[in-house]
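Okay, thanks everyone for coming.

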2 protein chains.
Amino acid sequence: MDFTEWMRHVQQGTEAALGTLLPAANLAPQRLHEAMRYAVLGGGKRVRPLLVHAAGELTHAQPAQLMHAACAVELIHAYSLVHDDLPCMDDDVLRRGKPTVHIEYDEATALLVGDALQTLAFQVLTEHPVSSTAAGQIEVIRLLATASGSHGMAGGQAIDIASAGQAMTLEELEFMHLRKTGALIRAAILIGAHAGVAVTDIRRQHLDHYAKRVGLLFQVVDDILDAEANTATLGKTAGKDAAHNKPTYVSLLGLGKAKRLIDELLAEALEALTPLGTRAIRLRELADYVAHRAF
Amino acid sequence: MDFTEWMRHVQQGTEAALGTLLPAANLAPQRLHEAMRYAVLGGGKRVRPLLVHAAGELTHAQPAQLMHAACAVELIHAYSLVHDDLPCMDDDVLRRGKPTVHIEYDEATALLVGDALQTLAFQVLTEHPVSSTAAGQIEVIRLLATASGSHGMAGGQAIDIASAGQAMTLEELEFMHLRKTGALIRAAILIGAHAGVAVTDIRRQHLDHYAKRVGLLFQVVDDILDAEANTATLGKTAGKDAAHNKPTYVSLLGLGKAKRLIDELLAEALEALTPLGTRAIRLRELADYVAHRAF
């Protein structure tokens with residue numbers, strides 16, 4: 001299978017699995033369940049599920065177990081987007097080319113959709129095997145929780161919200177992004193690898209280095225896309241960072257240096273994979289995909 | 001130890017344990033962590049932790065394991081209060097006698113506080129033993145997730161929000177409350193019992209019947225307090241249900257019948273405990289406490 005086929009295969013599998021895991025829209029409370037499905041299904045590049053599966057290939061993990069772990073990570077991501085778009089946060093009306101949840105439904109529903117999607121992520125990890133042992137299963141839940149909480153994604157969001165109109169050093173920007181987007185991307189990779197055979201500490205360190213580089217890479221690309229792309233191709237409102245006067249890699253480094261940073265981060269990510277051998281091919285291809293998406 | 005001493009002992013232990021589990025206020029992002037502590041510490045009757053401990057006594061569970069399970073349940077409860085008070089939900093300014101989180105801080109912070117408290121609840125259950133086996137630990141996480149999600153607490157909230165100005169039958173009101181407040185109260189009891197020695201199916205059924213009755217009991221009392229008490233004694237805004245034109249046990253039954261319903265639910269709850277013997281004493285005392293608090 002070439003990369004494009006593999007990617008489409010995982011994306012379609014993820015969509016189908018999420019459709020099964022989400023409560024049916026005809027179950028009470030219907031409006032909430034309909035809005036949960038609206039928020040999750042029918043869009044998104046599923047980058048985090050792709051990373052779960054790619055890392056799982058490295059450790060010979062079972063595709064079925066990876067699928068549930070991938071869905072849990074994607075549910076956390078989806079919840080964060082719904083809450084991020086709320087008026088008190090980024091106040092956005094467009095996401096994945098569709099009206100955001102609070103526009104299509106209402107604010108209270110969007111709040112509860114995010115809350116319930118987060119819960120569902122953890123529920124999925126208790127109801128489906130994602131590791132060969134119960135202790136391994138708990139470790140997957142721990143990885144996901146740690147990445148999502150106040151020392152991870154939610155913490156990054158808090159710094160992001162406070163950053164509007166503030167000056168930031170490059171170190172502070174990196175501190176924020178390692179949490180805001182980096183933590184969940186890293187968790188996706190570690191969880192995927194965890195589902196398979198145990199890896200040595202040194203291999204895990206290489207993988208973790210890759211994971212951190214790809215997380216930052218993703219964010220630098222996001223910043224450039226926000227500055228350069230238009231709303232129609234992006235599927236979400238473009239130019240938001242500048243409008244909110246938020247520090248980004250583009251505002252701190254300028255476009256040219258930000259693009260060179262992409263090349264550097266990609267090179268570092270790929271270098272970290274070298275000792276991991278040929279089974280790291282999907283991780284390699286994904287780093288390349290993340291670096292060059294929509295350019 | 002008499003009931004009052006036991007209650008104070010559990011409440012103080014819960015406060016101390018929560019203070020340790022919550023991120024320190026001087027860790028970045030400080031404002032988020034400070035607000036998380038503000039939301040959780042220094043208030044609340046800790047009814048759910050009390051129920052966890054009371055149910056754990058029934059099955060000879062370890063107090064230390066019960067403490068972490070109790071904190072996880074309380075963190076879910078605290079998150080739900082923070083989100084509930086937001087302007088797009090109940091729009092409340094007072095909670096436990098203090099300004100609500102979005103008043104003391106801001107809306108974005110309150111949103112993230114709730115999100116991060118939910119995550120922390122699940123994280124706590126992966127980092128501290130709350131059952132004698134890993135499989136038992138996963139079952140505790142599953143019980144908490146199921147009770148909190150769209151078929152439980154968040155689903156009950158969605159129905160509650162949609163109910164303003166709507167007519168409801170008594171069955172629909174019960175359907176809502178079994179989810180909105182009942183699900184987490186039931187989970188507290190089942191989780192507490194789960195932490196100890198295994199119970200027979202028939203004993204679990206009695207306990208579950210008690211749990212459902214106490215959940216409803218709690219809500220009927222809440223409705224009466226909202227209608228009868230004043231804001232100062234309640235520590236939160238009184239008269240909200242009537243102001244929002246929400247169906248309650250008082251609006252559906254009238255005050256007299258609602259009070260008689262309390263007696264009935266209490267009698268049923270206590271009856272369900274009879275076959276469980278003398279170790280159910282704290283559960284018995286708690287049902288009584290829930291029924292008569294603030295009357």
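Let me begin with a term: I call two residues in contact if their C-beta atoms, placed from the backbone, lie within 7 Å. Helices here are DSSP runs (H or I, at least four residues), strands are E runs of at least two, and both are numbered from the N terminus. On bookkeeping, residues count from 1 along each chain as its sequence is written, and chains are lettered from A and ligands numbered from 1 in the order in which they are written. Keep in mind that this is a predicted model, where local features need pLDDT of at least 70 and side-chain atom pairs count only at pLDDT 80 or more, while totals for chains, interfaces and linings use all residues.

Now, burial: a residue is buried if 20 or more other C-beta atoms, placed from the backbone, lie within 10 Å of its own, exposed if 12 or fewer, and partly exposed in between. In α1(A) the buried ones are Met7(A), Val10(A), Thr14(A), Leu18(A) and Leu21(A). Looking down the axis, they fall within an arc of 65°, so they line one face of the helix; that arc is taken over the directions from the helix axis to the C-beta atoms. What do those buried residues of α1(A) pack against? They pack against α2, α3 (47-58), α4 (63-84) and α6 of chain A. Over on the other side, Thr4(A), Glu5(A), Arg8(A), Gln12(A) and Thr20(A) are exposed.

Next, two of those partners together. α2(A) and α6(A) pack at about 70° with their axes 9 Å apart, the axes being lines fitted to C-alpha atoms, for helices over the stretch in contact, and angles running from 0 to 180 degrees between N-to-C directions. The pair is therefore roughly perpendicular, a label for 65 to 115 degrees; under 35 counts as roughly parallel, over 145 as roughly antiparallel, and the rest as oblique. On the α2(A) side the contact includes Leu32(A) and Met36(A), and on the α6(A) side Leu112(A) and Val113(A) are among the residues.

On to the interface. 43 residues of chain A are in contact with 43 residues of chain B. α2, α6 (107-127), α7 (134-148) and α8 (153-163) of chain A each give two or more residues to the A side, with the largest share, 14 residues, coming from α6(A).

Across in chain B, helix α8 is mostly covered, with 9 of its 11 residues buried. The cover includes α2 and α6 of chain A, along with α4, α7 and α9 (170-194) of chain B.

The Ala28(A) to Pro29(A) peptide bond is cis, omega near -5°, and Pro29(A) sits in the loop between α1 and α2 of chain A. Chain B has a cis bond from Ala28(B) to Pro29(B), also with omega near -5°. Then there's His60(A), not a glycine, yet with a positive phi of about 55°. Buried or exposed? His60(A) has 10 C-beta neighbours inside 10 Å, so it counts as exposed.
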